[in-house]
Amino acid sequence: MKIRVYYEDTDCGGIVYHANFIKFCERARSEVFFSVGEMPCAQDAGFVVRSMKANFYKSAFLGDLLEVKTRILELKKATLILLQEIHRDGERLFDMEVKLGFIDLKRGKPLAMTTEIKEILCKF
């Protein structure tokens, strides 16, 4: 997924706020569902972040065109671990390993992902 850095993403010096790298990754995770006409969550079930480990290598700047790359490291019944990287012109600026749980939103309990959800995730 390509993302352009806008003024709202940066500080007054034109450098992207560190938290926005995480937001860009979240957008990329959602976009895989939107690209097939689906939502990343349903009325009664959805993904929550269980943990993440982030590494910041270089800054991104106002006007940069970034690419978010995502791949599945592990896919289980109710959890998955993704590696997400943000690049500018092929150079890695950021990466994170994020563990997501799929839960019943009303009960707050783990829920097995459907085959349809797993098929969508395999589009990463």
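Q: Which residues does E97 touch, not counting residues up to four places away in sequence?
A: A contact is defined by heavy atoms within 4.5 Å, and, with residues up to four places away in sequence not counted, E97 touches S51, M52, K53, L73, I81 and L82. The model is a predicted one, in which local features need pLDDT of at least 70 and side-chain atom pairs count only at pLDDT 80 or more, while totals for chains, interfaces and linings use all residues. Residues are numbered from 1 along each chain as its sequence is written, and side-chain values use heavy atoms, with hydrogens and water left out.

Q: In which strand is E97 found, and how far apart are the C-alpha atoms of E97 and S59?
A: Helices (H or I, at least four residues) and strands (E, at least two) are DSSP runs numbered from the N terminus, and E97 belongs to strand β5, residues 91-104. Between the C-alpha atoms of E97 and S59 the separation is 19 Å, for a pair 38 residues apart along the chain.

Q: How many helices and strands does the protein chain have, and in what order do the elements run?
A: The protein chain has two helices and six strands, and, read from the N terminus, their order is β-α-β-β-β-β-β-α.

Q: What radius of gyration does the protein chain have, and what would a compact globule have?
A: The radius is taken over C-alpha atoms, and the globule rule is 2.2 Å times the number of residues to the power 0.38. For 124 residues a compact globule would have a value near 14 Å, and the 15 Å of the protein chain agrees with this. The C-alpha trace, for its part, spans about 45 × 30 × 25 Å along the principal axes.

Q: What percentage of contacts between residues at least 6 apart in sequence join residues at least 24 apart?
A: In the protein chain, 64% of the contacts between residues at least 6 apart in sequence join residues at least 24 apart.

Q: Is L66 buried or exposed, and which residues does L66 touch?
A: A residue is buried under 20% relative accessible area, exposed over 50% and partly exposed in between (1.4 Å probe, protein chains only). L66, in strand β3, residues 65-75, counts as buried because its relative accessibility is 0%. Not counting residues up to four places away in sequence, L66 touches M1, K2, I3, V5, F24, A60, I86, H87, R88 and L93. Over the whole protein chain of 124 residues, 37% count as buried.

Q: Where does T10 lie, and which backbone oxygen does its side chain reach?
A: T10 lies in the loop between β1 (2-4) and α1 (18-34), and is buried because its relative accessible area is 6%. A polar contact is a pair of N or O atoms within 3.5 Å, where, within protein, one must be able to donate a hydrogen and the other to accept it, and residues adjacent in sequence count only if both atoms are side-chain atoms. Here the side chain of T10 reaches the backbone oxygen of Y7 at 2.9 Å. With neighbours within four places in sequence left aside, T10 is also in contact with V5, I15, V16, Y17 and L62.

Q: What is phi of D89 near, and is D89 buried or exposed?
A: Phi of D89 is near 50 degrees, a positive value in a residue other than glycine. D89 sits in the loop between β4 (79-88) and β5, and counts as exposed because its relative accessibility is 78%. E91, which is found in strand β5, counts as partly exposed at 32% relative accessibility. Apart from neighbours within four places in sequence, E91 is in contact with K58 and I86.

Q: Which helix holds I117, and which residues does I117 touch?
A: I117 is part of helix α2, residues 115-121, and counts as buried at 14% relative accessibility. I117 touches F33, F47 and F102, residues up to four places away in sequence not being counted. The C-alpha atoms of I117 and M39 are separated by 10 Å, although the two residues are 78 residues apart along the chain.
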